[in-house]
Amino acid sequence: MKTANFKRITSIVVSVALFFTYACALGPIRSYAATLEQQKAAYNSKIQSAENEIARLRKEKAPQQAIANTLQSQLADLTSQSYVIQCQRDQVDKQVTSLTADIKSLSNQITKTENNLKDMNDSIDATVDVFCQRLRTNYMNGPTSYLDVLLNSKDISSMLNQLELMKRVTDSDQKIVDKLNSDIDKAEKLKVKLSRDKNEAEVKKTELGAKKIELDKSKAEYDKLILSAEAKAAEVNKILYGYNAKIEALNDSVEAYRGAEAKIDQAIKAAELQRQREAAAAAAAAAAAAKKQNSGSSSSSGSSSSSGSTSYVTPTYSSGSISSSGWMWPVPAGYISSYYGYRSDPATGASKFHGGLDIAAPCNSNILAAKSGTVASVNYGNTGYGNYIMINHGDGSYTLYGHCLANFPVSSGQHVSQGQVIAHVGTSGYSTGYHCHFEVRDGSGNRLNPLNYVHK
Ligand SMILES: [Zn+2]
């Protein structure tokens, strides 16, 4: 394309130059200037027809462009919905993990309770053995049938009932047995409660498993829709590319014609000067003949053309408020859920230093670069900050954005502008809900209070 245009421009310039050569050699200046004007009119008409064709192509392209725009917005919607489902699925995953831990803990408690029950039953057996020994010793002389009943009792409770009935046991023995019986009762009740809790947790886990499958299915459907929209967009973009190529070529032609016209304009100007010079010379000759002298000449310089403007892709910006110090609030959709400084740990309750600002926001909300800079690192993980990104602002300051979704729109080493979307709010890593953990650091890695730099 470029080579073709270059050739075309070259051939136009050469033909214009040749034309001047012949015209200068052949005709008087006046007819030469008239021919130049004709030539210029011819270029004007070529420019006009190229511009008409460009307008026609633009009109023809418009409906395709509209389709492309619609597809693009559909794609954006679908992708965003797919992320929301991904977020819900992540949440369910976290709940399942937590339930699995609960079930394990409940199982351990049940085993412990069962062991306690066994110990207490053993203690009762031992106590009963002591009773029997004592009964043998103390009541050897009692009625034989009485003793028979006692010693032939099959189980503990009938034995205890017999003993109760007989009121032969000592108070302290009775207290031991009562206490054991009450403990056994409590332990049995505890075991029933633990088993019920465990069952409930298992039912919930099963339900969440089903929900997870449903979400996976729904996400797969969205991903399919995304693929088909992408395929359609690719088709339309190909058509648009065809139009753009034609329009670009025509624009290049117009530019070349205009270049040729400029050359002709210069030639017209030069011819006019020549004519004036010749007229002046003729007048001078006439004046000389009349013993008078006159001379004059002037020159003018050509105009310079302006250079084409440099265009670059503008990154996506979202609104965020800029503080007096020039930093931007990094999560427009968020509010502060936890401040920088000492606080009680959400999990352990212990006092702990919190090195950043927690900004709670809906899943997949935009996270913006607080200042322009270079992406220092993009990190993926399930612990600590989770998925997080760091920006080097080049003035000794760094910012960190934690617990993000894994869908970072920028990569390490990339330059980012203030307000550019660099990440999306998630709950990855050590996090209990959707939020961005935002840190400001100095060159030595000291964590500074972000509220000295940004404000909502
Ligand atoms: Zn935090």
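1. Two residues are said to be in contact here if their C-beta atoms, placed from the backbone, lie within 7 Å. By that rule, and leaving aside neighbours within four places in sequence, Tyr401 is in contact with Pro330, Ile367, Tyr388, Ile389, Ile422, Ala423, Cys436 and Phe438.

2. The model is predicted, and local features need pLDDT of at least 70, side-chain atom pairs count only at pLDDT 80 or more, while totals for chains, interfaces and linings use all residues. Residues are numbered from 1 along each chain as its sequence is written.

3. The protein chain has five helices and 12 strands, where helices (H or I, at least four residues) and strands (E, at least two) are DSSP runs numbered from the N terminus. Among its contacts between residues at least 6 apart in sequence, 73% join residues at least 24 apart.

4. Of the 456 residues in the protein chain, 19% are buried; a residue is buried if 20 or more other C-beta atoms lie within 10 Å of its own, exposed if 12 or fewer, and partly exposed in between.

5. A nonpolar core is a set of buried Ala, Val, Leu, Ile, Met, Phe, Trp, Tyr and Cys residues joined through C-beta atoms within 7 Å. The largest has 32 residues, and Tyr401 is among those with the most contacts inside it, as are Ile367 and Cys436. Elements giving two or more residues to this core include strand 8 (398–404) and strand 11 (435–441). Apart from it lies another core of 10 residues, among them Leu36 and Tyr257.

6. Lys352, found in strand 3 (residues 351–354), is partly exposed because 13 other C-beta atoms lie within 10 Å.
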